[in-house]
Amino acid sequence: KRTKTDILIQIWWKVNKVGTQKSVSFTLEAFDSYTSKRIATSSGNGEASDEIIPVQLENIIKNSILDFDKQMTTFYSDITTNGREIVMNIKKWDDWEHDLESEFEGNDLMTIIEDWLHENTVNGAFNLSDATENFMQIGQVRIPLFNEKGRAVDARNFVQGLRNHLKAKGIPSKLMIRGLGEANLILGEQ
């Protein structure tokens, strides 16, 4: 989490005694740091052997790695085609005189935000999962991997674009992030 890696790979193993020999079982998992979703998994059980544990573990993983690699390739293919997934929450400060139903330039603020998302997500992909006049929860937001300058995009970069768009309309906000894949935009003056 400190290095903010895109993919977290974990391996768990267990040593089993079988008479005088030992066998190894393992689970290998990969998680998307942006969403915490599992994107690849592989597991297996080795045969009882007198080999040392690290060698047994290496052999059993080698026998199972192709399926894991295929799952990782499918994930990379998906984000290359459909964009990386993030979550956005939009709230308002309690003392701000406007809300998401307030009109700016002839449209309510919620519509302005949804229009911006349609224009800036990959294939217009996002899911407004909950909304009131004070809150919007937007999941499955598919953002491009890179911006027009070729730089990697994360939730902060992406939502900063929305923040700038709203600022140009006279709507102040504060951006707060949680990890690489979640951004909270608080509307109004602090």
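## Strands, helices and salt bridges

Strands β1 (residues 7-18) and β2 run antiparallel, joined by 12 bridges. Strands count as paired here if DSSP finds at least two bridges between them, and both strands (E, at least two residues) and helices (H or I, at least four) are DSSP runs numbered from the N terminus. Keep in mind that this is a predicted model: local features need pLDDT of at least 70, side-chain atom pairs count only at pLDDT 80 or more, and totals for chains, interfaces and linings use all residues. Residues are numbered from 1 along each chain as its sequence is written, and side-chain values use heavy atoms, with hydrogens and water left out.

Lys 14 sits opposite Ser 25 in β2. The hairpin of β1 and β2 has 2 residues between the strands, and Gly 19 there takes a positive phi near 65 degrees.

β2 (residues 21-32) also has a partner in strand β3 (residues 38-45): 7 bridges join the two, again antiparallel. Here Glu 29 faces Thr 41 in β3. This hairpin has 5 residues between its strands, and Ser 36 is the one with a positive phi near 65 degrees.

How much of β2 is covered? Mostly covered is the answer, as 9 of its 12 residues are buried. Buried means under 20% relative accessible area, exposed means over 50%, and partly exposed is in between (1.4 Å probe, protein chains only).

As a general point, side chains in a regular strand alternate between the two faces of the sheet. Ile 11 itself is partly exposed, because its relative accessible area is 32%.

α2 has 12 residues, which at 1.5 Å a residue should span 16 Å; its end C-alpha atoms are 17 Å apart, so the two agree. The expected span is 1.5 Å times one less than the number of residues. Leu 109, Met 110, Ile 112, Ile 113, Trp 116 and Leu 117 are buried in α2. Seen down the helix axis, the buried residues fall within an arc of 160 degrees, so they line one face of α2. That arc is taken from the directions from the helix axis to the C-beta atoms. In general, an α-helix has 3.6 residues a turn, so residues three or four places apart point the same way.

The loop between α2 (109-120) and β7 (127-131) holds Asn 123, which has a positive phi of about 55 degrees although it is not a glycine. Asn 123 counts as exposed because its relative accessibility is 69%. Gln 140, in strand β8 (residues 135-143), is not a glycine either, yet has a positive phi of about 50 degrees. At 44% relative accessibility, Gln 140 is partly exposed.

**Salt bridges**

How many salt bridges does a search of the whole structure find? It finds 8, each being a side-chain nitrogen of Lys or Arg within 4 Å of a carboxyl oxygen of Asp or Glu. The table gives some of them.

| Pair | N to O distance |
|---|---|
| Arg 84 and Asp 32 | 3.2 Å |
| Lys 62 and Glu 58 | 3.2 Å |
| Arg 142 and Asp 78 | 3.1 Å |

The salt bridge of Arg 84 and Asp 32 links distant parts of the chain, with Arg 84 in strand β4 (residues 84-92) and Asp 32 in strand β2, 52 residues apart. Both of these residues are buried.

Lys 62 and Glu 58 both lie in helix α1 (residues 53-82), 4 residues apart, or about one turn of the helix. Lys 62 is exposed at 53% relative accessibility, and Glu 58 is partly exposed at 41%.

The salt bridge of Arg 142 and Asp 78 also links distant parts of the chain: Arg 142 is in strand β8 and Asp 78 in helix α1, 64 residues apart. Arg 142 counts as buried at 16% relative accessibility, while Asp 78 is partly exposed at 26%. Finally, salt bridges that share partners join Asp 6, Asp 32 and Arg 84 into one network.
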